[in-house]
Amino acid sequence: MPLNARLLVLLAGTILPLATFAQAPAPKRELNTIAIGMFVVFVLISLGITFWAARRTRSTSDFLAAGGRISGFQNGLAITGDWVSSAALMGIAALIYSTGFDGLIYSVVPFGAWPLMMFLMADRLRNLGKYTIADIVSVRFARIPMRTLISLSSLVFVVGYLIVQMVGAGTLISNLFGIDYTAAQVIIGILIVLYVAFGGMIATTYVQLVKAVLLLSGASFICFAALFHFDWSVDSLYAGAISNHPQGIRIMQPGGLLTDPVSAFSCGLMLLLGGAAMPHVLMRFFTVPDARQARLSVFYAASFIGYFYLLTFVIGYAAIAMVMKDPRFLDANGLITGGPNMAAIHLSEAVGGSFFLGFISAVAFATIVAVVAGLTIAGASAISHDLYANIFRHGKATDDQVVKVSRISAVCLGAFGVVLGIAFKDQNIAYMITIPFTVSSSVFFPILFLSMYWRGLTTRGAVTGGAVGLGLGVILLFLGPTIWGEILGHGEGIFPYKYPALFTIIASFLTMIVVSKLDDSPRAKRERAEFDDQFVRSQTGVGAEAPAQH
Amino acid sequence: MDALHARISRNPAFHALQARRSRLAWTLCAGVLAAYYGFILMIAYAPDIFQKPLHTGTSITLGVAWGAAVVVISVGLTGVYVWRANREFDHLNARILEEAHREPLA
């Protein structure tokens with residue numbers, strides 16, 4: 001028997017005793033062993049996938065775009081995996097558990113990005129790009145300044161998102177599995193590096209796919225088991241929630257989340273435009289063979305994600321109805337043990353017992369690992385394909401070199417993620433999710449949109465506007481009520497709004513338009529003239545490089 | 001301009017396809033944005049309407065129903081676009097490319 005197979009048998013052997021041990025009465029241990037056992041199963045499957053993928057990963061195209069061989073359905077699931085993190089299940093359930101309807105706003109509002117991405121971006125992006133979003137703007141603009149801006153912004157995006165995921169993961173995992181926070185960080189870091197560095201986009205895609213299926217089935221089970229408990233009546237489930245919750249009927253109506261219209265509008269626009277231009281999602285358009293499959297993958301992803309969000313409409317309220325008054329899940333003060341983030345987890349135990357609780361905990365862990373892997377490969381592609389191959393080597397790097405740099409970048413990003421996760425431990429990191437969304441909505445979206453829709457855009461306009469969007473975003477977030485006011489203890493922010501996106505998006509678009517209009521350099525004239533070529537290509541796909549042929 | 005691209009852009013079928021596709025995309029966009037910003041603006045300006053029950057005797061409020069509807073509408077309209085693009089636009093596009101490739105380039 002080859003070593004790998006023996007190792008598999010050995011590891012599989014250790015899970016069975018764990019599972020039988022789990023039947024023992026001690027309640028806390030029970031939870032840990034089942035969850036850990038199931039997580040080990042997931043790790044084994046995903047490492048098997050990585051091993052298989054590593055043997056099929058030879059070229060840059062394999063590494064960064066899975067050789068363009070993923071089907072629309074598979075890719076739709078993988079995109080679902082990128083989009084729906086544990087934060088979506090546990091965070092939305094927690095918000096609904098505490099505030100009711102306001103939590104639903106977090107389900108509904110980001111979803112608007114999907115149709116928008118489909119109608120305005122998907123076809124054209126697919127026809128213009130190759131591996132990363134920087135490829136799209138390199139069609140008619142100066143390569144070095146554009147790629148520098150986009151790849152650096154991508155890294156800001158990835159690192160911001162990574163911190164949120166890693167810190168959330170550490171807290172969650174130490175809560176669920178009873179293992180040390182630092183140990184949880186290191187486990188995640190090692191798995192990410194294994195998946196991404198060895199298996200590249202192929203492994204990342206399949207890991208994401210497996211996790212999406214697990215998460216969707218787990219959430220479906222919670223939802224339908226809870227509904228079963230209420231005789232399949234959403235109405236009586238909501239009625240149960242209303243009678244349990246201290247705020248009563250108020251949990252069915254908007255509360256204080258978005259009371260001032262500027263915040264509501266700004267937050268909405270940030271999620272809408274930012275969500276439509278996220279680099280780690282858009283790069284998946286290049287893993288499928290053609291535009292038709294790219295469209296199908298967006299449709300499948302939108303369906304799965306929409307379905308998932310509809311489940312949260314039930315799960316959040318079911319947690320109120322079934323967990324809030326159940327002494328098993330409450331501490332001495334009558335509050336939910338482990339905080340509101342545990343609402344969905346406790347609900348899974350309430351509807352499915354300790355075995356299902358273990359399953360959901362393992363899925364939560366797997367979800368985090370997969371999302372971080374997706375971010376890591378997006379970061380690695382920005383470093384290897386954009387910064388290294390196109391900027392430092394002026395497009396002269398060989399395939400082997402690019403793959404090697406991608407692998408090294410993945411290792412470094414994984415290690416960096418662990419360091420950040422440990423450094424930001426115990427920080428309030430919820431606000432950090434506005435960093436990637438602000439970058440995405442004020443840098444990526446305006447550049448991509450104007451470059452595809454407006455003949456007049458020039459390199460100078462795009463780079464200046466993008467830099468304004470990025471810089472202003474960082475400054476206004478820093479001076480806003482969360483960082484300046486709460487974290488630095490000044491009480492209030494110099495800038496009054498939590499979500500600066502409305503201002504940064506307008507500033508970014510205006511700067512791009514004004515600077516481009518004023519730009520009458522010979523390069524600008526050439527770039528405007530090349531719009532016709534780019535337009536034909538973006539509409540028909542003629543001349544677009546098929547990712548599989550490299 | 002690239003000769004092949006120039007030939008495609010001289011083909012009236014290309015402009016017809018392009019116009020149809022953008023008309024569809026922008027119409028659907030307007031639909032989604034109306035549902036979406038309707039939801040957000042109601043929350044910001046008229047939260048009272050969202051607390052009304054869907055019909056008498058139910059605990060499902062207008063807000064919850066509207067929220068679910070925004071999700072369903074978004075998926076539905078995405079489906080409409082994909083259906084038309086994959087059934088109709090792709091064929092027209094393939095024909096345009098075929099015509100452009102048929103005669104040898106000068």
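This is a predicted model: local features need pLDDT of at least 70, side-chain atom pairs count only at pLDDT 80 or more; totals for chains, interfaces and linings use all residues.

Colleague: How many helices and strands does chain B have?

Modeller: Helices (H or I, at least four residues) and strands (E, at least two) are DSSP runs, numbered from the N terminus. Chain B has four helices and zero strands, and its pattern along the sequence is α-α-α-α.

Colleague: What radius of gyration does chain B have?

Modeller: The radius of gyration is taken over C-alpha atoms, and the globule rule is 2.2 Å times the number of residues to the power 0.38. For 106 residues, a compact globule would have a value near 13 Å, but chain B has 22 Å. The C-alpha trace of chain B spans about 75 × 25 × 15 Å along its principal axes.

Colleague: How many residues of chain B are in contact with chain A?

Modeller: Two residues are in contact if their C-beta atoms, placed from the backbone, lie within 7 Å. By this rule, 43 residues of chain B are in contact with 45 residues of chain A. On the side of chain B that touches chain A, the largest share, 19 residues, comes from α4(B). That side divides into 27 nonpolar, 14 polar and two charged residues. Here Ala, Val, Leu, Ile, Met, Phe, Trp, Tyr, Cys and Pro count as nonpolar, Asp, Glu, Lys and Arg as charged, and the others, Gly among them, as polar.

Colleague: At what angle do the axes of α22(A) and α1(B) cross?

Modeller: Axes are lines fitted to C-alpha atoms, for helices over the stretch in contact, and angles run from 0 to 180 degrees between N-to-C directions. The axes of α22 (residues 531–540) of chain A and α1 (residues 3–10) of chain B come within 9 Å and cross at roughly 70°. The two helices are therefore roughly perpendicular to each other, a term for angles of 65 to 115 degrees. Residues making this contact include Val536(A) of α22(A) and Ile8(B) of α1(B).

Colleague: Which residues have the most contacts inside the largest nonpolar core?

Modeller: A nonpolar core is a set of buried Ala, Val, Leu, Ile, Met, Phe, Trp, Tyr and Cys residues joined through C-beta atoms within 7 Å. A residue is buried if 20 or more other C-beta atoms, placed from the backbone, lie within 10 Å of its own, exposed if 12 or fewer, and partly exposed in between. The largest core has 222 residues, and Ala93(A), Ile315(A), Ala319(A) and Leu347(A) have the most contacts inside it. Helix α15 (residues 343–392) of chain A gives the largest share of this core, 29 residues.

Colleague: Is Phe42(A) buried or exposed?

Modeller: Phe42(A) is buried, because 21 other C-beta atoms lie within 10 Å. Phe42(A) belongs to helix α2 (residues 27–56) of chain A and touches Ala362(A) and Ala366(A), not counting residues up to four places away in sequence.

Colleague: What is the phi of Trp232(A)?

Modeller: Most residues other than glycine have a negative phi. Trp232(A), although not a glycine, has a positive phi of about 60°. Trp232(A) lies in the loop between α10 (181–229) and α11 (234–244) of chain A and is exposed, with 10 other C-beta atoms within 10 Å.

Note on methods. Residues are numbered from 1 along each chain as its sequence is written. Chains are lettered from A and ligands numbered from 1 in the order in which they are written. Angles under 35 degrees count as roughly parallel, over 145 as roughly antiparallel, 65 to 115 as roughly perpendicular and the rest as oblique.
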